[in-house]
Each structure stands twice: as C-alpha cells, then as structure tokens.
Amino acid sequence: MTVYTFSNGVSIPKIGFGTWQIPDGEVAYGAVSYALEAGYRHIDTAQIYGNEASVGRAIADSSLAREDIFLTTKVWNDKVGYEDTLVSVEESLKKLQTDYLDLLLIHWPNPKASRETIGYKERNAQVWKALEELYKTGKVRAIGVSNFMEHHLEALLETAEIKPHANQIMLAPGCPQDQLVAYCKDKGILLEAYSPFGTGTLFGSELAADLARQAGCSVAQLALAWSLAKGFLPLPKSTSPENIKANVDIADLVISSELVAQLDKLEGLKAQLDPDQTEF
C-alpha cells in the first residue's frame with residue numbers, strides 16, 4: 001500500500017480502516033482481523049468508540065509485527081487538561097496492548113462541557129500540551145486533531161510548539177470542505193477523511209450510482225478514489241469481509257478530474273457537523 005508522509009517525515013498508509021460504530025467484542029475483533037488479512041496496515045480507533053480493547057487484541061493476535069501497523073486513537077471530549085489527557089492515553093495504550101501510538105488526535109475541538117466553562121482555546125491548549133509531551137518522549141510518532149475548523153486551528157497554533165500533523169474531518173463526495181482543505185494544505189497538515197461514504201448517504205444517490213457504473217466500480221470504490229484523487233486519506237468502515245477487501249483493493253482505480261468535480265457537487269448528502277454546536 002502506498003503512503004503519505006507527514007511534515008515530520010513519518011509515513012502513513014494512504015487508506016485506513018475505520019472502526020467507528022463497530023461494537024466492542026467479536027464484531028470489532030473479527031472486522032479488524034480480516035482487515036489486516038485483506039491488506040490494511042492502518043487502523044483507526046478512538047477512546048469514545050469503546051472498542052480499543054478488541055482492536056488491540058486483533059492486532060496482537062495477527063501475524064504482523066507491531067511496527068508494520070499504523071495505529072491511531074483519539075482523546076475524547078471529557079479530557080480537559082494536561083494530566084487527565086496523559087492518564088487517558090496510558091489507559092488507551094493498555095487496551096490497545098501497545099507501548100506507543102503512531103498517531104494521536106484531539107477528537108473534537110469544542111466539547112460542550114468545556115464550552116460552558118474554560119472555553120475551547122484553553123482546553124485545547126492544555127490537551128495539546130499533553131500530546132506534545134507524548135510526542136517528545138516517543139510514545140506517539142505523530143499528533144493531530146479531528147473536526148477542527150480554521151478558527152480552532154488558528155487558536156491552537158497561537159500556543160503550540162508543534163504544528164498538527166493531521167486533521168481528520170468529514171470529507172466525502174458532496175462534502176469537499178474546499179476552504180478548510182486549502183487552509184490545512186497551506187499549513188502542511190494532512191487531511192484524513194472520516195465517513196468517506198457520507199455515513200452511508202452516498203449509497204442513496206442515483207447520480208453516484210450512475211457515475212460508479214460509468215467508472216466500472218462500486219459506489220464505495222468511487223468515493224475512495226475521489227478521496228485519493230484529492231490528496232485525502234480515507235478511512236472506510238465495514239464489517240463485511242467482501243466490502244473490506246473491495247475497499248482496500250483500489251490501487252488501479254484512477255478517476256478523471258471531471259468526475260472528481262461532479263462528485264464534489266453532489267447534493268443532499270451528509271455534511272460536517274458544526275463542532276461549535278454539538279451536544280457532546
């Protein structure tokens with residue numbers, strides 16, 4: 001699998017296996033195990049997903065060396081300071097059965113609880129300080145954010161010693177977030193695309209189905225090719241062995257700039273939540 005390279009020189013596989021909404025236990029264990037067998041070498045989870053233990057068990061039980069797998073997790077919204085962030089990451093490491101992470105992200109920029117108390121700028125500055133410490137000590141190879149809009153990034157960069165290596169946001173056909181993408185690219189921040197199928201809304205689009213037929217692929221494969229054409233790193237999720245394999249087996253699928261533009265303009269699909277208005 002080909003890779004992108006962060007601004008710090010660390011490489012990351014261009015497609016990751018997303019585990020959001022995959023329940024802990026045998027379902028998550030089986031899905032991650034099959035993803036690794038199918039060729040994925042990049043697994044994305046989070047504290048709030050509740051499946052870190054199953055993800056870790058699947059990685060530990062695989063025939064792959066730990067260094068051959070790129071592993072990401074995310075700090076949840078209830079962490080508001082330096083110390084509780086460090087404690088939570090130690091808990092994640094134990095669940096994941098590893099002594100280091102390849103990428104650690106702040107999951108959301110403006111949690112409701114801190115929005116009503118210390119404010120997002122102070123909260124993010126404190127949590128980021130912990131991520132920087134973990135990076136400096138080698139427990140994390142890269143650090144970044146998720147769901148950060150331009151004003152959240154601007155505020156973080158006012159105090160950060162280390163610039164985020166990645167921003168994981170909602171990116172899918174119909175949700176290209178052009179302005180935010182341009183800002184991140186200008187700052188050297190890699191864009192990761194969660195919910196690359198628009199949390200499933202893409203599969204209800206007749207136009208997307210027609211474009212996929214023209215391209216000779218599935219709607220899911222078309223969406224992933226769109227992400228890669230735009231320089232994004234998609235994180236498809238599935239529990240179906242057939243779909244898991246199909247989603248990673250797109251190395252030869254290249255789509256035209258005209259098709260990319262058509263997919264940009266799809267209407268009626270899922271959009272990025274406003275992180276300043278979320279109820280969590």
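Analyst: Start with a pair of strands: β7 (residues 143-146) runs parallel to β8 (residues 166-170), and 2 bridges join them. Strands here are DSSP runs of E of at least two residues, helices are runs of H or I of at least four, and both are numbered from the N terminus. Two strands count as paired if DSSP finds at least two bridges between them. The model is predicted, so local features need pLDDT of at least 70 and side-chain atom pairs count only at pLDDT 80 or more, while totals for chains, interfaces and linings use all residues. Residues are numbered from 1 along each chain as its sequence is written, and side-chain values use heavy atoms, with hydrogens and water left out.

User: Which residue is the bridge partner of valine 145 in β8?

Analyst: Valine 145 has asparagine 167 as its bridge partner in β8.

User: And how many bridges pair β8 with β9?

Analyst: There are 5 bridges between β8 and β9, again in the parallel sense. One of the contacts joins methionine 170 to tyrosine 194, its bridge partner in β9.

User: What holds strands together in general?

Analyst: Strands of a sheet pair through backbone hydrogen bonds, and the pairing is either parallel or antiparallel.

User: Why is β8 called largely enclosed?

Analyst: Because 5 of the 5 residues of β8 are buried, the strand is largely enclosed by the rest of the structure. Buried means under 20% relative accessible area, exposed means over 50%, and partly exposed is in between (1.4 Å probe, protein chains only). Strand β9 (residues 190-194) is mostly covered, with 5 of its 5 residues buried.

User: What is the strand order in the open sheet?

Analyst: The open sheet has 8 strands with parallel pairing, in the order β3-β4-β5-β6-β7-β8-β9-β10. Strands β3 (17-18) and β10 (233-234) are the edges: each has a single partner strand, so one side of each has no neighbour in the sheet. Further along, β4 (residues 42-44) pairs with β5 in the parallel sense over 3 bridges. Histidine 42 has phenylalanine 70 as its bridge partner in β5.

User: New topic. How many aromatic pairs are there?

Analyst: A search of the whole structure gives 6 aromatic pairs. Rings of Phe, Tyr and Trp (its six-membered ring) pair if their centres lie within 6.5 Å; planes under 30 degrees apart count as stacked, over 60 as edge-to-face and the rest as tilted. One of the pairs is phenylalanine 6 with phenylalanine 70, which is tilted, at 6.3 Å centre to centre and 50° between the planes. Phenylalanine 6 is in the loop between β1 (3-5) and β2 (11-13) and phenylalanine 70 is in strand β5 (residues 70-75), so the pair ties together parts 64 residues apart in sequence.

User: What about accessible area for tryptophan 76?

Analyst: The relative accessible area of tryptophan 76 is 16%, so tryptophan 76 is buried. Phenylalanine 280 has 34%, so phenylalanine 280 is partly exposed. Trp76 and Phe280 also form one aromatic cluster with Trp108.

User: Now pockets. How much space lies in the largest pocket?

Analyst: The largest pocket holds about 580 Å³ of space. A pocket is found on a 1 Å grid over the protein atoms alone, as an open set of points where a 1.4 Å probe fits, with protein on both sides within 12 Å along at least five of seven lines; lining residues have an atom within 4 Å of a point. Grid points are joined across faces, edges and corners, and the volume is the space filled by probe spheres set on them.

User: Which residues are closest to the centre of the largest pocket?

Analyst: Trp20, Tyr49, Tyr194, Ser195 and Thr199 are the closest to its centre, out of 29 lining residues.
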